[in-house]
Amino acid sequence: MAQDQIHVLLADDDEDDRLFFSDAIHQLNLNTVVHAVEDGEELMNWLRKEGNPRPHVVFLDLNMPKKGGIECLEEIKKCPHLKELSVAIYSTSSSQKDIEDSFVLGANIYIKKPNDFNVLKKAMGKVISMNWQFCTSGLNKESFILNV
Amino acid sequence: MLDYSSLSMVINFKYDIHKACIKIISDHLEEMELSHSFNGLGEIKINKSISEEEFESLRNKLIPYGISIINSQKESLVQKIKDVIVEMIYLEEKLPISKTSTYLAEKLNLSYGYLSNLFSEETFSTIENFIILQKIERAKELLISGDYNLTEIAYKLNYSSVAHLSNQFKKTTGLTPSSFQRIISRRKANKQLEQP
Amino acid sequence: MSILELSENYLRGAFVISVTLLIFIAGVSYKQFHSYHKSQQLVMQSHYSQKSLQTLISHITGMETYQRSFIISGDSAFLEGYAGQNDKISESMEKLKSMGTDGNINLAHLDSMERLVRERKALFDDTMTLFAEGASLGDNLRKGNGQTRKIRGLIEHLVADQGELLAERENASEKSYRISPILMFSTILLALFIISLVFIALTQILRKYNKANRKLNINNEIFKQAEEISGTGHWYYNFHSQTLVFSDNQYRLLGLTPNGSPPKLHQFLQKVHRDDRTELIRKLKYLYHNEACEEGMDLKILTEEDMVRCIRMACKMISDDQGNKILIGVNKDLTSEVNAKEKLSQLNRKLEIQIKMLSNAEMMAAVGSYSYDQDKGTYEFSSNLFRILELDPENEELTEEKFLNAIHPEDRVRLEKVRKKVGVATVFESNEFRILTSKEKVRFLKYTYKLFKESGKKMLVVTLKDMTEETITKKSLEEKNKELYHSNAELAEFNYFASHDLQEPLRKIQTFISRITTMEDIHLGSKGEDYFKRIQRAANRMQNLIIDLLAFSRTTNSEKIFEITDLQSLVIQALNELNQEIEEKNAIVHYDVLPTANVIPFQIKQLFVNLISNALKYSKNKVQPEIWIKNEPLTQQDLVDFNSISVDKLIKLSIKDNGIGFDQEYAESVFVLFKRLHNRSQFSGTGIGLSICKKVIENHRGTIRAHSEEGQGATFTFVLPILGGQTLVP
């Protein structure tokens, strides 16, 4: 059923990470479509382009050329059409400061890129199902915060 | 006199999702001149049969509010489970002591095993997870309201200890309740900074 | 005074007159009284003599009667009466005679009366004899009658005489009576008048005296005050009466209380300091003999309180109107003047020393200065300014112009804009400029000027500090700081690089490994799997090393922000972080109620995390790990370590476990970076954790010690100053 497809959008400049990401999601068998872009600018263009499906979650790497994850996050939260999107930060950084700052700026999810593929799979599963719950169970999106 | 039109302000409010939904649905049904009654648990009885067109138009009208008309029997049952759980967590002053499984089975008059299987099939999640999620959501809400401390919240939501609640909170959200609180208050401060 | 003398004479005259008058009045009164008394007596006598004359006649008549009655009756009883009358006649006669000698009755009349009475008596006797003879009695009786008639006539004459005399006397007495009161009254009035005049005159004089007296009193007080204020006193010595008199202030000068016992000359002389006494006595003797005026001499006086007081004394010998020799002396207290003089000279000495010190200090501090007196228009240059300008203070002159010319040409344009005039002097609103010394050397000067008023004088003081050395040092220091800043920035960049870029490939290696090992369609064989596991272990270890190294560099380099923090909440946070490990090991952690302290919160949390995870890591196999976090009492050793901090400003905590422990021998080396006591295959770890702990404790200016025995668990104890970062401030 097309309606039940979960769309996720990933912005990461690292090819390997994009690979891990989409592999992990696909292995979850959650009827998920992964769209990937290579930097922040491309991401914003993708989001604004008509006809593109509205993603359930947007994954942002913090360190990207041209436009970083935080800039994208701020831009998304400022844009009236986009601010309802769930935003996940997908980063190498495990610093408490980065995590909190992202949440404060409006990110819903923070994923520290794990160094184990299985851990990544688990994390993705949790993120997607949790986001699904929030989107479908009438939960308060504003207090949706998840740190994996 | 201050020119209030040049000032913007922030209003904080509480809301009852259920009442709001019922009001929205009720308004739309009345607009379509359909007499109806609410059966609870997300069921509405419409006193006459309606055409396919009317049905579609109602479904479309309700989409912007995040309200969808459930078609399948299974979906409706899942929704009912969810509603019972939500009702249990949100409406009761204190959670019932009895096991939620028994509570659910009694409320819906179906075996818990069946409900559990159905729920997992339909939602990529389990009833237990859903309950935990809802309880933590409730805990978040109570935390944000600022009217309760962690001990009171733990008691209200039937946790054996604050540590238990903290642990579950951490497991579910990846954050401790205190860092959650800090993030929320910083967000509020941020918004207030942006407002003027 | 002449008026007073004059009036005194008048008064004397008036007094004499009034006294005379009063005596006169007293005399007159007495005389009057006396004469009145006399005339009264005379009147009485007159009355008395009349009465006696009457009595005489009645007796004669009585005798006649008794004779006749005898003759007629012949009764001898009548003879008794007859004899009695005879005696009474003689008695009256005697009385009259005595009166006559008193001059009251005319003696001639009295003689004839006596004769007549005697004749009548004789006639009576004759009759009696005749009767006895029985002869005729007629003649005799007739004769007797005639005789009695004669007597009566005489008596009547006498009585009449007496009456005249009485009247005369009464008249005289009355006359004197009438005149004397008038006389007396008028005299008394006169006396009263004079006395009144005297009284009025006296009161006026008295008033004048009082006025003069008051004035005198005031003058006296003024004089006293004047003496007190000027610190002078006076005294005089009367050689005749040997009395010494001090003025009030003289007492004070000698340290005595005024109005005390009268002083004696020898006491006074004893007060004079021994050194001056002989000279003073010599001078006094000289004065006594020569009556000359003596120039003042300075004396030291020992006061009662044994203080030495300097006074100047001027003496003079004078004679009073009675020719008595009086020595007068005036003293002035010079103590404060002498003291002030002494102080001034001391101050001068001090000032000299200070000036020397100042010039020394200027040299030491490389400071030179000059001052400009705005009123006099004069300059004064400190000797060190010569030195700064490399001029010879002995042989070269320094003027403001010369100084201004020494300013470095490159700085002149800049200084020209901030140039100001103070009188004719020049100042600059600038802090720093350079000069060229006479030997063409560049010097950096710090310049300040100050305007101030000193005892009404307007002064400008310019101070110049030679900053050449400091400037050079500062510049090199600045450069070094820059370098340090750069290397710090580089370090931060490295940290970032290490935390991100270095971890990235590592993470990918790890992820790929994890993918390969879980891929179902790849068969590695047991060796291949083993190798992959080894690769994985090495990668994990590298990651741990990177993470720990980062943590270590953070404890060293990151900002040290101290906050008042509840240590217990930090322990709880640490336990939350270690939740998973604690659950895995099924460990029990006990902790006390812990105090609050000023710490860097994240570092102390890190400390707890490291120590607790350490305890968990080195737990015994098959023994449930237990950890105790406790407050500890401070020991003598701790107080020695923190000798500048009081006991109540220190906290001591211990973290004890029941793990495998270590030999006490290693108690120091466990804190050394990368130092490990165990094989990696036994216990994972980087050897950085406890080094971080030590670093954290050092950042808090505390101490940390380890205590253990092989197999007996380990205890880590640390002491922290409660005030943390503030301990540097005593």
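## Loop residues with positive phi

Lys66(A) sits in the loop that runs between strand S3 (57–60) and helix H3 (69–78) of chain A; helices (H or I, at least four residues) and strands (E, at least two) are DSSP runs, numbered from the N terminus. The model is predicted, so local features need pLDDT of at least 70 and side-chain atom pairs count only at pLDDT 80 or more, while totals for chains, interfaces and linings use all residues. Residues are numbered from 1 along each chain as its sequence is written, and chains are lettered from A and ligands numbered from 1 in the order in which they are written.

The phi angle of Lys66(A) is near 70°, a positive value in a residue other than glycine. Lys66(A) has 13 other C-beta atoms within 10 Å and is partly exposed. A residue is buried if 20 or more other C-beta atoms lie within 10 Å of its own, exposed if 12 or fewer, and partly exposed in between, with C-beta atoms placed from the backbone. In chain B, Asn109(B) also has a positive phi, near 60°, and is not a glycine. Asn109(B) belongs to the loop between helix H4 (100–108) and H5 of chain B, and it counts as exposed because it has 6 C-beta neighbours inside 10 Å.

## Helix packing in chain B

Helix H3 (residues 73–91) and helix H5 (residues 112–123) of chain B pack at an angle of about 110°, their axes 10 Å apart. Axes are lines fitted to C-alpha atoms, for helices over the stretch in contact, and angles run from 0 to 180 degrees between N-to-C directions. H3(B) is therefore roughly perpendicular to H5(B), the class for 65 to 115 degrees; angles under 35 count as roughly parallel, over 145 as roughly antiparallel, and the rest as oblique.

On H3(B) the contact involves Lys74(B), Glu75(B), Leu77(B), Val78(B) and Ile81(B), and on H5(B) it involves Leu115(B), Leu118(B), Phe119(B), Glu122(B) and Thr123(B). Two residues are in contact if their C-beta atoms, placed from the backbone, lie within 7 Å. By class, this contact has 6 nonpolar, 1 polar and 3 charged residues. Ala, Val, Leu, Ile, Met, Phe, Trp, Tyr, Cys and Pro count as nonpolar, Asp, Glu, Lys and Arg as charged, and the others, Gly among them, as polar.

## Interface of chains A and B

In the interface, 16 residues of chain A are in contact with 20 residues of chain B. On the chain B side, helix H6 (127–145) and helix H9 (177–194) each supply at least two residues. H9(B) gives the largest share, 7 residues. The side of chain B that touches chain A has 8 nonpolar, 6 polar and 6 charged residues.

## Sheets of chain C

Chain C contains 19 helices and 19 strands, and 22% of its 730 residues count as buried. One open sheet of 5 strands has the order S7-S6-S12-S11-S10, with antiparallel pairing; two strands pair if DSSP finds at least two bridges between them. Strand S7 (378–381) and strand S10 (432–436) stand at the edges with a single partner strand each, so one side of each has no neighbour in the sheet. Strand S6 (residues 367–373) pairs with S7(C) over 4 bridges in the antiparallel sense.

Another open sheet of 5 strands in chain C has the order S14-S16-S17-S19-S18, with mixed pairing. Its edge strands are S14 (588–591) and S18 (703–708), and the twist averages 15° from one strand to the next. Strand S17 (residues 650–657) runs antiparallel to strand S19 (residues 714–721), joined by 7 bridges. Ile651(C) has Leu720(C) of S19(C) as its bridge partner.
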